[in-house]
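Have the sequence and the 3D view open while reading.

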Amino acid sequence: MSCCAPGAEMALDLGGATSSLPSSQEIRLASRSLDDDLRQTDLSVPTVHCAACIQAIETALGKLDRVERARVNLSTKRVSVQWRGNEAPPIVAALELLGYPAHLFDPEIHEKDKTLSELIRAVAVAGFAAGNIMLLSVSVWSGAEGATRDLFHWVSALIAIPALAFAGGIYFRSAWNALRHGRMNMDVPIAVGVSLAYAMSLYETINHGDHAYFDASVSLLFFLLIGRTLDHVMRERARTAVNGLSRLAARGAMVLREDGSRDYLPVEEIEPGLQLLVTAGERIPVDGKIIQGSSDLDCSLVSGESTPRTVSSGETVQAGTLNLTGPLIIEATAAAKDSFLAEMVRLMEAAEGGRAHYRRIADRVSALYAPVVHLTALVTFLGWMAATGDWHQAVTIAIAVLIITCPCALGLAVPIVQVVAARRLFESGVMVKDGSAMERLAAIDTAVFDKTGTLTLGQPRLVNASSIDPAMLAIAGDMAVHSRHPFSMAIAGAAGFAAQPKLESVSEHPGFGIEATAMGSTWRLGRRGWAGWKARTAGESGYGGTVLTKDGIIVASFVFEDALRSDARAAVEQLNNARVPVEMLSGDTAAACGEVAATLGIHHFVPALLPSGKVVYIETLAKDGHKVLMVGDGLNDTPALGAAHVSIAPATAADVGRKAADFVFLRESLSAVPLALDISRKAGRLIRQNIAIAIVYNTIAVPIAILGHVTPLIAAIAMSASSLLVIGNALRLQGFAASSPETVGTRGKRSTAGALARSS
Amino acid sequence: MTTLVYLIPVALFLGALGLSGFLWALRSGQYEDLDGAAERILIDRDES
């Protein structure tokens, strides 16, 4: 894997919150049937990088039993495996063994992207037509006359038909849709201009006229389609990257029947009253009550509490929490559609308000632009009718006005800037769902952060490693690798794996800790009261009070803190400098919040909030006229993400949260937030500049057109020139965003960024 | 004029040939994994 070094970093960023491997039943549930026996499973493998990776994966999977075919797609970083039989082959385990962590994603997103292929076909057809018509037009401009000119016009008219029908169809449909709902969008003037230009040129051609605008109408479509396609590709790429993240919700659960048999059922089919087996490392699928077993639950995604909760039989558990240490048998008390998760989705849908009313800049401009343009054309027509009485000349000039004002530059002005901006963000590991998100982000004046999992990593870090006897730390580390409790993982991470001295009979006691024998003594790592059974005296009590004991005597105690996300402080500072005050909302205790707020320099925070409390808080801010940015990761943040004007989620966020957020950042560093804000603001400025350029162009070109001096040659030159100007201005974003101070810190990750950008 | 009668159809035909070639390549999935195709050339085919 030496060739794949940059990929490993990416995997680290993504793999923070992954649970255990999906079981073969879960793989089967997520696969789709090709024919009666053959099934296909698609897996996201973020670390594939080169030919060697492809070969390793394809040969290893091909050797597995019942696997028919395995194919790696390097661009989307996915593997599709076709297999036979009732039970899935151990695909994920095989990939894990090779060093490629893989995960399942939602099967419904595998639907082929119809829009993209339609757009690309439309671009191809329009490009073909525009090229050929332009060639014929050049010969007309350079002096073809009489029958030759007519022939050229006729050929152009013929070539333009498929282009208009196929490529123009996209615009005609969109324009019609807008008009039918009484709205105005950029496609309305485009559709009107293109079809009138074609009709007039056809009339001219039939009557052996000099001027035909076939070239203008088709090349207009071509330019605009390029912008539209780029825009779509960019969004699609972000969507694929976000969808490729591992799924955090349970897809199904093992049901224990009364007769002792076991069944793996999809979550939707679980009914209240069924008994479910949840092993360590799995998420609780539905709300329920524990009837057997005890364990620790990681509730950080659900409630925002950073310390795991110890549970035992009789207690209730919420869907979405992660079972850390011991197997549990729970009795479902609610179906999936009534569980906590579904409740959050409902709250989110109810809260969705801020963005629904948002109208995109392009739509707002075109609502003004289109009537002005059409009115100008009408006035021109009436003016020439009054002046000369020649209706043919009046119509010709009026249509020339429409063509010259056709918003080629305007139609490109917004999407091109957003494509360039989205690309810049993509390179820094920030995915943008759509262009309107950037427009909304540029307008925010308050940023609200969730604490656990957003400002902090939601994973504890050992703080006092340096003051612990290294020999003791080594023993604790060796014991800790046997558990997936976050404290154990922190200790194991700090100690490394020494395997010296050798441990015997390691056992985990869910809710208490780990016990092992080594060198003739019994060692316990865990809760103070349990591990130090001989030392009842209250010593220094740290965070959770975790100690290592030798035969009941405390030999080391461990102090943890919730590790801050890297650059969290810098990010808060940068936001403050950008005149965006930062606030913190959390479901955690006031003490835990106060500590984090003090370290980060956040002056205002609200602790112990329920999910609906967060929504109410954001809605109150919105009522006071604030435009709120919400950054959060948990299930409990999801309604707030929906309620805010614009929202950002880290890649480790709950599935619904990632779907709800406008931006998703893949790296660990929180500097993604000020970066996104910075680029969105710069993009906003460039968009306004571009619209200004387009308007200046029109104020120069329109009088010329009204006076009747526009020939097809002038129209072609003017349109291309304005489009090039707008595109050139948009590309400046690439330049000054790269030199801005925020990106200096991410320099080191350049290689990954480049590889990622190239590969999808 | 007479040259145009066959030159224009020839030009259009060649253009259309290119276009249909592109559409065919698109439909047969050749643009689905551009990076993979670039890397796969480095893989030696197994003797199997």
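Predicted model: local features only at pLDDT ≥ 70, side-chain atom pairs only at ≥ 80, totals over all residues.

On the α6(A) side the residues involved are His153(A), Ser156(A), Ala157(A), Ala160(A), Ala163(A), Leu164(A), Ala167(A), Gly168(A), Ile170(A), Tyr171(A) and Ser174(A). They meet Phe214(A), Val218(A), Leu221(A), Leu224(A), Leu225(A) and Arg228(A) of α8(A). By class, this contact is made of 12 nonpolar residues, four polar ones and one charged one. Helix α8 of chain A covers residues 214-243, and its axis comes within 9 Å of that of α6(A), at a crossing angle of roughly 35°. The crossing of these two helices is left-handed.

Helix α8(A) also packs against α7(A), which spans residues 187-206. Here the axes come within 8 Å and cross at roughly 155°. Angles over 145 degrees count as roughly antiparallel, and α7(A) and α8(A) are therefore roughly antiparallel to each other. Their crossing is left-handed. From α7(A), the contact takes in Asp187(A), Ile190(A), Val194(A), Ala197(A), Tyr198(A), Ser201(A), Leu202(A) and Thr205(A). Facing them in α8(A) are Phe214(A), Ser217(A), Leu220(A), Leu221(A), Leu224(A) and Arg228(A). Nine of the residues in this contact are nonpolar, three are polar and two are charged. Arg228(A) is listed in the contact with α7(A) and in the contact with α6(A).

Helix α6(A), residues 146-180, also reaches the other chain, where it packs against α1(B), residues 2-27. The two axes lie 12 Å apart, at an angle of about 20°. Since angles under 35 degrees count as roughly parallel, α6(A) and α1(B) are roughly parallel to each other. This crossing is right-handed. Thr148(A), Leu151(A), Phe152(A), Val155(A) and Ile159(A) meet Leu4(B), Ile8(B) and Leu12(B).

Next comes the interface as a whole. The size of an interface is often given as the accessible area lost when the parts come together. For chain B and chain A, the buried area is about 2,000 Å², and carbon and sulfur atoms give 67% of that. Leu12(B), Asp35(B) and Arg40(B) supply 26% of the area that chain B buries against chain A, more than any other three residues. In terms of contacts, 22 residues of chain B touch 30 residues of chain A.

The rule finds one salt bridge across the interface of chain B and chain A.

Over all chains, the structure holds 16 salt bridges. One of them pairs Arg84(A) with Glu68(A), whose closest N and O atoms are 3.2 Å apart. This pair links distant parts of the chain, with Arg84(A) in strand β4 (residues 78-84) and Glu68(A) in strand β3 (residues 67-73), 16 residues apart.

Conventions:
Residues numbered from 1 in each chain as written. Chains lettered and ligands numbered in written order. Heavy atoms only, no water. Axes fitted to C-alpha atoms, helices over the stretch in contact; angles between N-to-C directions. Helix = DSSP H or I, 4+ residues; strand = E, 2+ residues; numbered from the N terminus. Parallel < 35°, antiparallel > 145°, perpendicular 65-115°, else oblique. Left-handed = near helix turned anticlockwise from the far one by under 90°. Contact = heavy atoms within 4.5 Å. Buried area = accessible area lost by both parts, 1.4 Å probe. Salt bridge = Lys/Arg side-chain N within 4 Å of Asp/Glu carboxyl O. Nonpolar A, V, L, I, M, F, W, Y, C, P; charged D, E, K, R; others polar.
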